[in-house]
Amino acid sequence: MGNNINKSHYSGIVAEWYDIILHTEKNDIKFYRDVVKRFGGPALELASGTGRILTELLKEGVLIDGVDSSPEMNQQCKNKIRELNLSSEIYEQDLVELNLPKKYNTIFVAGGSFQLISDRAEAQLTLGKIYDHLLDGGILVLDIFTPLEKNNLLNDGVWVKGREGRNDQGEKLLVYASNKNNLYEQTINGLYKYELYQNGRLSETVIGEIMLRWYGQFEFLLMLEKAGFSNINIQRKKIISTHGEAFVYFAHK
Ligand SMILES: C[S@@+](CC[C@H](N)C(=O)[O-])C[C@H]1O[C@@H](n2cnc3c(N)ncnc32)[C@H](O)[C@@H]1O
């Protein structure tokens, strides 16, 4: 279950450099912090990764747990929580098979991560599992981007320089992305080239791949309704810099 290409992408150099190359991305942290403050905990972040967002909420005293399928991303998250002397349950699970001992008031999936469940039937199944993990009256908030934003379509199949970062040892990582859009299947096949520079010289090149699925706003509304959600509100918002404006769904149990 779950897309294995997507799950294995978040390992090795990608997991190791994740927080460094996303260090400028602050808007999504603020957005989801405000969401949880508004709707209340206990909260659950799905696809919580290194805890880039989750740990910021923990620091503010929010009761929040996380779920991610990547052992390496989860390990980084757990290390940060331990260093902060805080506590949270971080589960290693595939979202498609979500099965937790607890229910939540606010569940969120940030930065288009829900789109990593690239199989349509599995995405529908996952929405049902999320619904089951909400307390009555609880809310799911997630953002979905489409390739109709920015220069995505113009750059189809072209390598474009993306994020970059530098670690404490002075090593540098450059990321290049090449997206292939299938507008009929509503999929984006993303290739990523990670170039590691040590002492100013290219020392390693890693190619990674992910497959994303995107949805039209009313299509996803129907999927949420099919999973049992009601009182659904949709907003257009810039959440993460590389995605342009996304559709943000607020869906109640
Ligand atoms: C783009 S990262 C986002 C991490 C975090 N939410 C953030 O914004 O920093 C996507 C995360 O989704 C996780 N992931 C991908 N497919 C998954 C699946 N089927 N089930 C659970 N987690 C998954 C990856 O391991 C990765 O940590």
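Visitor: Is alanine 47 buried or exposed?
Guide: Alanine 47 is buried, because 24 other C-beta atoms lie within 10 Å of its own, and 20 or more is the cut-off for that class. Keep in mind that this is a predicted model.

Visitor: Where is alanine 47 found?
Guide: Alanine 47 sits in the loop between strand 1 and helix 4, the latter covering residues 54-59.

Visitor: And what is phi of alanine 47 near?
Guide: Phi there is near 60°, which is a positive value in a residue other than glycine. Glutamine 186 also has phi near 60°, again a positive value in a residue other than glycine.

Visitor: Which loop holds glutamine 186?
Guide: The loop between strand 7 and strand 8. Glutamine 186 counts as partly exposed, because it has 18 other C-beta atoms within 10 Å, and the partly exposed class lies between the limits of 12 or fewer for exposed and 20 or more for buried.

Visitor: Back to the backbone. Which residues does a cis peptide bond join?
Guide: Glycine 41 and proline 42, with omega at about 0°. Proline 42 belongs to the loop between helix 3 (27-39) and strand 1 (43-46).

Visitor: You mentioned strands 7 and 8. Over how many bridges do they pair?
Guide: Strand 7 (residues 172-182) and strand 8 (residues 187-198) pair over 11 bridges, in the antiparallel sense.

Visitor: What stands opposite lysine 180?
Guide: Asparagine 189, in strand 8.

Visitor: What order do the strands take in that open sheet?
Guide: The order is 6-7-8-9, four strands with antiparallel pairing. Strand 6 (160-166) and strand 9 (201-213) are the edge strands, each pairing on one side only. On average, neighbouring strands of the sheet are turned by 20° against each other, direction ignored.

Visitor: Which helix lies across those strands?
Guide: Helix 2, residues 12-21. Helix 2 lies across strand 6, strand 7, strand 8 and strand 9, and it runs at about 80° to strand 6.

Visitor: Zooming out, how many helices and strands are there in the protein?
Guide: Seven helices and 11 strands. The radius of gyration is 18 Å, close to the 18 Å that the globule rule gives for 253 residues, so the protein is as compact as a globular protein of that length.

Visitor: What box do the C-alpha atoms fill?
Guide: Roughly 55 × 50 × 30 Å, taken along the principal axes.

Visitor: What percentage of the residues count as buried?
Guide: 36% of the 253 residues.

Visitor: And what share of the contacts join residues at least 24 apart?
Guide: The share is 66%, among contacts between residues at least 6 apart in sequence.

Visitor: Which domains does the assignment give?
Guide: Domain 1 is 4-147 + 215-252, and domain 2 is 160-212. Their C-alpha centres lie 22 Å apart.

Visitor: How many residues does the contact take from each domain?
Guide: It takes 16 residues from domain 1 and 20 residues from domain 2. On the domain 1 side, helix 1 (4-9) and helix 2 each supply at least two residues.

Visitor: Which helix gives the largest share of that side?
Guide: Helix 2, with six residues. This is also the helix that lies across strands 6, 7, 8 and 9.

Visitor: What classes of residue are on that side of domain 1?
Guide: Where domain 1 touches domain 2, its side has nine nonpolar, seven polar and no charged residues.

Conventions
Residues numbered from 1 in each chain as written. Predicted model: local features only at pLDDT ≥ 70, side-chain atom pairs only at ≥ 80, totals over all residues. Pairing = 2+ DSSP bridges. Axes fitted to C-alpha atoms, helices over the stretch in contact; angles between N-to-C directions. Contact = placed C-beta atoms within 7 Å. Rg over C-alpha atoms; globule rule 2.2 N^0.38 Å. Domains from an automatic or database assignment. Nonpolar A, V, L, I, M, F, W, Y, C, P; charged D, E, K, R; others polar.
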